[in-house]
Amino acid sequence: MRTHLLSIVLANSISMHALADQSHLVNADFEQGYNEFTASNPQTAQLTLNQIEPISGLQSLQLSLTNWSSGSYSYFYPWGQAPTLLGMTLRAKVKLLNPVQGGTLQLRSLVKVNSGQHIQDSINLNPFTEQIQTICQPIILSEDEQVTGYSIALALQGGTAEVLLDDVTLTPNLPNEACASDIDDGIHNNPSLEPSYLLPADRIARLAQAAQKETPAWQTFQSKLAANLAKERIYNTWDYAGAYALSYRITGNKIHGTKAKQLFLERYVSEPIVGWQYYSNRNLFRSQARWSQYTYAWAKTMFSEQQQRDIEAIFALWGDYWLDYLGYSDDFSKMRWQDTDEVTSLAENLSLLGMTLQNAHDPQIREKSTQYLNAGDRLLKEYVVDKFMDDVMAGGVWAEGIDYSPGTMMHWMRLYMYNKELRNIDYPNDYAEQVVLAYLHQTLAGGTGMYFYGDQEHVDDYVPLSGDHRYAMMLHLIAMVENPERRIQAQAWLEQVIEKEGYPNGSMDTGLERVLFEPEEPISEAPQQPGTFFYAPGTGLVASRSDWSRSATNLYFLNSPAIVDHQHFDTLSFDIAHAGKWITKEMTGYGKFAINSTAHNTILIENATHDGSSNPAHRAAGRGQYVTLYDSPKMSFIAARAEQTYNMLGYWQASYAKKIARQLVFLKPNIVLVYDSIETEPSVIRDLMQYHQELGLQAGDQYVRSVKQNQRFLAQPIFDGDRVSSINDGKEFIYQPILPKDYTLSIVDETQYYQDVLTYQAPLNQRKWHTQLEANTPQVNNELLSVLSFADVGEVPEVNVQELDEVSPSHLGVYVQAAGRVDEIVLFSKELLSPYAQDIYFTQPVESGATVHINGLAAGQRYQLLHDGQQVQLRADEQGEMLVSEQGMLIFHL
């Protein structure tokens, strides 16, 4: 069996073997024997002799290469003079006259034998070193083989290069002496700079430069490696194996290559047959499998051929298991697509297995690799892109919540990069750009924390911005986002995190990702801030803020059923923060109780759940919808419907909700009006008969369901006349019911409410307070209206809200007066079913100036304003001067 190895070492002193004095293209003559210089793409490749600064002796071949050109030196033995030896060594010396600019310089060797076959190899040269690089290729021949010629080529992939080539020789040697004189202290091989996972040519060049310059990121990376090098046992073996392999890949440090190999074999090849005992564990395979592929790809030269064959067989076993797990042969029949983390991670890991095994030694494994790649491609296209990005998570907000989403999204981000860099498959960048925008809006003013939604394991009211993989995810986004504005905004977010929290140092993968993706230079100037309003239609998240200052108010509104794992029953819920401090927020937690609507600021309707949550029995009949989304510097108006999210599918299906609508007006920066209109159907009781048998209902009975407005407080609310107030963390929050006229407002201490609940389902530090507003007598048609105001303690404006007595039946009107503000009149649409295009009228309580906001109108409808004292009439008129906006809003001043 023939074996060969191509390596490069640095040499400071060499002997001279001068090249022939030729610098033109010649043809090979196999009978006479020739040296020849050749050029590929000669218009951009110049071959000349350098007599001013040769490598050694009098002259060296100088190659001036530009953008995908190459030059080579070849020698052919005269006919009949080819030597018969079992071992030979091909050597050459290379020196860069200047660092390679913008490309990768590759050396390719080729040895021809008399059978017509050839032995070839290639390796990337260090693009920055000024030292001479010595190339050494040992060649082991069969007894019946003779060398007939050899060639050394320098090929440039992009950019420009000025390089010298000299001392090209083919000398006889014994196999065990091959290249022995060319190896230095045994610590370093030439770095292998062939493109690989996350290592395209430009990143390879940047990392090599970072290693040479010893940048802070590189120093931190290397210090972690040095600190763990002598340890017999490293806890997180998987990512340290990858880290040592990356260091070996870039620097050629064989000590790191040996450590990478040791950790890899210990982690992934220690179990008989399967290699890794956790290969079939869905959680561990999701988080650790990619490190096996990185380590093997980055440090492959450290493994013998037999080891490579064994490893590839193990990888194929893993791939076969996960194809069967998914039901791949039966169109993914066994897959639960609602587990978006599993689906997305398997798209990445199956693609990695496929790419790794494309070059496997065993042709049967190479054939299997196409199945793994096909499965990965289909999961990415049909589920991650078509179902998640373009549907249930459209707009850049992943539905799993702020805890799980970053880790899940990095699977597809890396997969995008693998496919683009190694398979030339380029995916649209718009979703990644939307993720950047979403995270800017989900970050509280002043960077004090993140907006919470979905399941959260490690719970507090405020979390580090860098936690739960957010720092690493933003690094990925910076690496892949193409839009310069979004990339700068992402980098500014990251720099804000680093300034506030420092660099995360908890895990090796964080340090590795910093080395791979951290921008070389900080941003030179503050980026342009996006608008103050954001909407992600998939999860139904709306984010509105008063401005982008540190004292801004953040308001978040959700309207979506629980479609995928880790989503909550938070339909029509909202959270508010002021100057980076929470005013009201959900009870963050994991599963069962944290998921229910009682843990959120939303509407509770008596149904199959124990507390009146949306998504009864996890079987929502459909999705909600937004009717109005409007934003201006002074106010935001949100109107949404959610009947189908409260109605229930299944055997005990019940369409009991005829209308469920919530309208929220955010009078920036610190007043919020919440108007809920709910109509139920008393004759629909099928769900109550099954899930609330204590009611004693029978078929044909009528039952009016209770309806409540649930409002959470971070500190104990105290009654103050017709309102309640609380003070927490320097902020004062006032909640004032307006409708119904005849109501009950209950205050619930959650330490008592959840006293028998497991702490992870309702964390102790999240057991706060909530109020529940309801009519004293259950109604079929319900109207609940409340006003929320907040500010620093002692600075909350006094707000007076009164219902308008005379107003069009199509709308509910309120008059809002607050100190320091222009009076506001808000007309809420009562229907929201179809745009209203008729006349509108109302009467002002006092004759004074006011800003009027009316929603639910037909876009493009024109009105003529008639204003006589306190009487206001809007007459539908095609020639009218007032035009309804595309959002169905009409705003004007009296």
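# Notebook: sheets, helices and salt bridges

**Entry 1, the four-stranded sheet.** I looked up an open sheet of four strands, which come in the order β32-β35-β34-β36 with antiparallel pairing. I noted the edges next: β32 (840-843) and β36 (882-883) each have a single partner strand, so one side of each is left without a neighbour in the sheet. Strands here are DSSP runs of E of at least two residues, helices are runs of H or I of at least four, and both are numbered from the N terminus. Two strands pair if DSSP finds at least two bridges between them.

The model is predicted: local features need pLDDT of at least 70 and side-chain atom pairs count only at pLDDT 80 or more, while totals for chains, interfaces and linings use all residues. Residues are numbered from 1 along each chain as its sequence is written, and side-chain values use heavy atoms, with hydrogens and water left out.

Within this sheet I checked strand β34 (residues 862-868) and strand β35 (residues 871-876), which run antiparallel and are joined by six bridges. Gln864 stands opposite Arg875 in β35.

**Entry 2, the five-stranded sheet.** I then looked up an open sheet of five strands, in the order β29-β30-β31-β33-β37, and its pairing is mixed. Its edges are β29 (799-803) and β37 (890-893), each with a single partner strand, so one side of each is left without a neighbour in the sheet. From one strand to the next, the twist averages 15°.

In which sense do strand β31 and strand β33 pair? Residues 824-829 (β31) and residues 851-854 (β33) pair in the parallel sense, over four bridges. I found Val826 opposite His853 in β33.

Strand β3 (residues 45-50) pairs with β4 in the antiparallel sense over six bridges. Ala45 has Leu65 in β4 as its bridge partner. I also checked burial: six of the seven residues of strand β4 (residues 60-66) are buried, so β4 is largely enclosed by the rest of the structure. Buried means under 20% relative accessible area, exposed means over 50%, and partly exposed is in between (1.4 Å probe, protein chains only).

I compared the length of helix α7 with what its residue count predicts. The expected span of a helix is 1.5 Å times one less than its number of residues. For the 18 residues of α7 (residues 340-357) that gives 26 Å, and the end C-alpha atoms are 26 Å apart, which agrees. How many residues of α7 are buried? The count is 18 of the 18, so α7 is largely enclosed by the rest of the structure.

Helix α4 (residues 254-268) and helix α5 (residues 282-298) pack at an angle of about 140°, and their axes are 10 Å apart. Axes are lines fitted to C-alpha atoms, for helices over the stretch in contact, and angles run from 0 to 180 degrees between N-to-C directions. Angles under 35 degrees count as roughly parallel, over 145 as roughly antiparallel, 65 to 115 as roughly perpendicular and the rest as oblique. α4 and α5 are therefore oblique to each other.

Helix α9 (residues 405-423) packs with α10 at an angle of about 155°, with axes 12 Å apart. α9 and α10 are therefore roughly antiparallel to each other.

The crossing of α4 and α5 is left-handed, and the crossing of α9 and α10 is left-handed. Left-handed means that the near helix is turned anticlockwise from the far one by less than a right angle; right-handed means clockwise.

A search of the whole structure finds 33 salt bridges. A salt bridge is a side-chain nitrogen of Lys or Arg within 4 Å of a carboxyl oxygen of Asp or Glu.

Asp565 forms one with Arg336, and their closest N and O atoms are 2.9 Å apart. This pair links distant parts of the chain, 229 residues apart: Asp565 is in the loop between β14 (553-558) and β15 (573-578), and Arg336 is in the loop between α6 (305-326) and α7. Asp565 counts as partly exposed at 22% relative accessibility, and Arg336 is partly exposed with a relative accessible area of 41%.

Asp461 and Lys768 meet through their side chains in a salt bridge (3.0 Å, N to O). Asp461 lies in the loop between α10 (430-442) and α11 (470-480) and Lys768 in the loop between α16 (750-753) and β27 (769-775), so the pair ties together parts that are 307 residues apart in sequence. Are Asp461 and Lys768 buried or exposed? Asp461 is buried, and Lys768 is buried as well.

Lastly, I noted a network of salt bridges that links Arg282, Asp339 and Glu342.
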